[in-house]
Amino acid sequence: MSGDPATAVVPAHFQSFLAFDYGLKRTGVAVGTRLLRTATPQGTIRAEGDARFAQVAERIREWQPDALVVGVPRHPDGAPHENTARAQKFARQLRGRFGLQVFEVDERYSTTEALAAGATDADAASACIILEQFLRNLS
């Protein structure tokens, strides 16, 4: 499943989420719960290809999330660009490899916001921003 979390149907029994800020070389990670509506940064994955998915699998085993959230970047006007397609492909691969529902969140400005807040790990901080935006929009 993809789309705006405001319109996506997120089952009430989905309580814990693992979020990813996908990048070619680094993927930020955060974990959060529906109850608290907050996210906690995790160590950024610095790997590509199968090595990236091995580390994702490790995080899924550790946190046992009910679903995954992936930030999908867009141009300021909302138009897609090449990283939009890459993030959506990553979301499809997560769904296919791990059999979990994956929600996509518009992540325009998350890295800028993370850097402005003084984050030492902008990727993990971006994943937190993405997940907290998703959690705020849940009913």
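The face of α1 turned away from its buried side carries Asp50, Arg61 and Glu62, which are exposed. The model is predicted, so keep that in mind as we talk.

Student: Okay, which residues of α1 are buried, and within what arc do they fall?

Tutor: Start with the list: Arg52, Phe53, Val56, Ala57, Arg59 and Ile60. An α-helix has 3.6 residues a turn, so residues three or four places apart point the same way. Looking down the axis of α1, the buried residues line one face of the helix because they fall within an arc of 165°.

Student: What covers those buried residues of α1?

Tutor: There's a helix in the cover, α2 (82-98). Strands take part as well, and the cover includes β1, β2, β3 and β4 (67-72).

Student: How many of the residues of strand β2 are buried?

Tutor: Strand β2 spans residues 27-33, and it's largely enclosed by the rest of the structure.

Student: Which residue of β3 is the bridge partner of Val31?

Tutor: β2 and β3 (residues 38-45) pair in the antiparallel sense over six bridges. In β3, the partner of Val31 is Thr40.

Student: And on the β1 side, which residue stands opposite Gly28?

Tutor: β1 (residues 16-21) pairs with β2 in the antiparallel sense, over six bridges. A hairpin through five residues joins the two. Opposite Gly28 in β2 stands Asp21.

Student: Which residue in the hairpin of β2 and β3 takes a positive phi?

Tutor: That hairpin has four residues between the strands. The phi in question is near 55°, and the residue is Arg37.

Technical notes:
Residues are numbered from 1 along each chain as its sequence is written. This is a predicted model: local features need pLDDT of at least 70, side-chain atom pairs count only at pLDDT 80 or more; totals for chains, interfaces and linings use all residues. Side-chain values use heavy atoms; hydrogens and water are left out. Buried means under 20% relative accessible area, exposed over 50%, partly exposed in between (1.4 Å probe, protein chains only). Two strands pair if DSSP finds at least two bridges between them. The arc is that of the directions from the helix axis to the C-beta atoms. Contact means heavy atoms within 4.5 Å.
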